[in-house]
Amino acid sequence: MRNRPSLALVASLAVSSAAPLALAGDDQTDGFIEGSRLNVLNRNFYFNRDNRDSAAPTYNSSKGDTNGYSEAWAHAVITRFESGFTQGTVGFGLDTFAMVGLKLDTGDGRNGGRGSFDVLPVNRDGRARDEYTKLGGAAKVRLFDTVARLGDVFPANPVVAAGDSRLLPESFRGLTLENTSVKDLTLQAGRLHAMSQPMSSDLRENFVTFYGGPVDSPWIAYGGGDYAVNENVTVSLFGSRLKDVWNQYYAGTGVTWPLSSDLALIGGFNYYKAVDEGRQRLGAFDNDIWSAKLGVRYGAHTLALSHQRNQGDDDFDYLRQSDSIFLDNSIQYSDFNSPKERSWMLRYDLNLAAYGVPGLSFMTRYAKGTDADYSNANAFYMRRDADGNPLTDQKRWERDIEVKYVVQTGAAKDLSLRVRQATTRATAFESDLDEVRLIVEYPLSIL
């Protein structure tokens with residue numbers, strides 16, 4: 001049993017103590033109605049994944065078996081209303097959302113089943129539902145430079161981050177705090193008791209981790225902050241506790257160092273430590289994983305090399321479909337986070353505005369991981385071969401290509417079109433797969 005002070009508690013105290021730094025007469029709100037915003041995002045989402053060497057969890061009711069191909073095409077309308085705050089030292093407000101996901105085309109054998117595809121909810125017979133909705137909201141209070149939200153929230157930090165890589169975004173339910181009293185410092189804290197994954201209408205789901213699966217945990221708490229040291233350097237410190245599962249600690253930094261008007265060095269470092277907590281719902285573990293990046297930006301071109309290493313005996317885990325894994329080599333499909341795994345990645349970005357096409361960008365990257373070893377993994381994360389032996393000396397690689405265009409002017413301004421393609425190949429512990437995602441988004445600002 002490890003008894004370490006929780007960073008969530010430390011940050012909560014920091015948020016509370018920092019609030020008086022703001023002047024009591026500093027009125028920062030335009031009013032409940034005057035400060036309101038109403039935004040509607042139309043998202044058209046096509047996704048196919050071909051598991052080339054294994055059966056994906058896609059049920060084909062006409063044949064009574066599974067196959068390795070998943071495909072879905074759907075449309076989402078995501079409406080968010082954010083009020084301003086009432087006038088006065090203590091201001092009150094309300095954030096609400098209404099989201100609907102509509103199936104456009106999918107069918108038996110192509111709907112993604114109940115696996116990591118996770119585009120549309122499915123019935124017991126494996127058929128995708130025609131539509132599903134999410135409705136929720138949060139009350140909020142502003143005191144000086146501290147904002148508290150209670151209800152359905154979308155935290156964004158290295159230890160708890162609501163994911164938005166599917167049709168509808170993920171959300172959490174609970175209390176969050178954010179403070180900006182100190183210049184260039186943003187403090188966050190929260191305690192959440194439920195999560196809602198992207199393909200679910202239920203806002204009161206239990207917690208699910210990506211690699212360990214569902215866990216019987218009553219809450220997750222987090223705290224920490226981001227600080228801009230100057231215009232070139234940022235640092236972050238965060239911690240979280242998923243009750244009876246883990247304590248996670250994160251430290252990271254990002255650097256952009258200009259050498260001339262066209263040339264800059266870029267770099268960064270991310271580090272997580274994860275240890276079991278309480279009743280050890282996912283067994284005993286003590287993991288350290290880190291990534292480091294170094295690159296150069298020259299005009300429209302950016303080239304970066306990153307290295308990542310998991311020094312623990314188990315997979316580095318995080319909440320399912322969330323974005324709370326701020327590691328350089330966690331990319332479109334692979335996280336390169338298996339026990340003892342080492343990985344390298346080379347990434348190239350191009351902004352074609354410099355070549356007369358503003359709004360058009362291109363990205364490609366290649367990552368390779370080696371030395372994954374499950375010899376000492378606990379029972380929840382263990383992977384074995386056909387003879388029952390722990391998998392050792394596992395390897396994989398992934399290649400991603402992305403093209404994105406954002407309309408710059410006219411009636412369709414801010415309309416974006418994005419094509420993402422990924423290819424992965426691996427030894428026994430992962431699938432060989434090819435996938436394509438086509439995403440069209442059109443944001444509208446009503447208020």
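Ile78 stands opposite Met99 in strand β5. The model is predicted, so that local features are reported at pLDDT of at least 70 and side-chain atom pairs at pLDDT 80 or more, while totals for chains, interfaces and linings use all residues. Residues are numbered from 1 along each chain as its sequence is written, and side-chain values use heavy atoms, with hydrogens and water left out.

Strands, like helices, are DSSP runs numbered from the N terminus (at least two residues in state E for a strand, at least four in H or I for a helix). Strand β5 covers residues 90–105 and runs antiparallel to β4, to which 10 bridges join it. Two strands are taken as paired if DSSP finds at least two bridges between them. Strand β4 (residues 69–82) also pairs with strand β1 (residues 37–51), in the antiparallel sense and over 14 bridges. In this second pairing, Arg43 stands opposite Ala76 in β4.

Tyr250 and Phe326 form an edge-to-face pair, with 6.3 Å from centre to centre and 75 degrees between the planes. Tyr250 belongs to strand β14 (residues 246–258) and Phe326 to the loop between β17 (301–310) and β18 (342–351), so the pair ties together parts that lie 76 residues apart in sequence. Accessibility is described in three classes: buried under 20% relative accessible area, exposed over 50%, and partly exposed in between (1.4 Å probe, protein chains only). Tyr250 is buried, because its relative accessibility is 6%, whereas Phe326, at 35%, is partly exposed. Both residues belong to one aromatic cluster, together with Tyr272 and Phe316.

Rings also meet charged side chains. A charge is said to sit over a ring if NZ of Lys or CZ of Arg is within 6 Å of the ring centre and within 35 degrees of the ring normal. Arg80 lies over the face of Phe154, at 4.5 Å from the ring centre. For Arg320, the charged end sits over the ring of Phe210, 5.1 Å from its centre.

On the surface, a nonpolar patch is formed by Trp257, Leu259, Leu265, Val296, Leu303, Leu305, Trp344 and Leu346, which together have about 760 Å² of accessible area. The elements that give two or more residues to this patch are β17 and β18. Patches consist of residues with over 30% relative accessible area and no salt bridge, with like charges joined within 9 Å and nonpolar side chains (Val, Leu, Ile, Met, Phe, Trp, Tyr) within 5 Å. Accessible areas come from the Shrake-Rupley method with a 1.4 Å probe, and for residues only the protein chains shown count as cover. Val296 lies in strand β16 (residues 286–298) and is partly exposed at 31% relative accessibility.

Backbone angles in the loop between β17 and β18 were also examined. Most residues other than glycine have a negative phi. Phe336, found in this loop, has a positive phi near 50 degrees and is buried at 0% relative accessibility. Lys340, placed in the loop between β17 and β18, has a positive phi of about 65 degrees although it is not a glycine.

The structure holds 29 salt bridges. A salt bridge is a side-chain nitrogen of Lys or Arg within 4 Å of a carboxyl oxygen of Asp or Glu. Lys340 forms one with Asp313, the closest N and O atoms being 3.5 Å apart. The two residues lie 27 residues apart, each in the loop between β17 and β18. Lys340 is partly exposed at 33%, and Asp313 is partly exposed at 28%.

Arg396 and Glu430 meet in a salt bridge of 3.5 Å, N to O. This pair links strand β20 (residues 394–406), which holds Arg396, with the loop between β21 (416–426) and β22 (433–445), which holds Glu430, 34 residues apart. Both Arg396 and Glu430 are buried. They are also members of a network of salt bridges that links them with Asp315, Glu341 and Arg383. A salt bridge of 2.9 Å, N to O, joins the side chains of Glu402 and Arg420. Glu402 lies in strand β20 and Arg420 in strand β21, so the pair ties together parts 18 residues apart in sequence. Glu402 is buried at 16% relative accessibility, and Arg420 is buried at 15%.

Terms used: Phe/Tyr/Trp six-rings, centres within 6.5 Å; stacked < 30°, edge-to-face > 60°.
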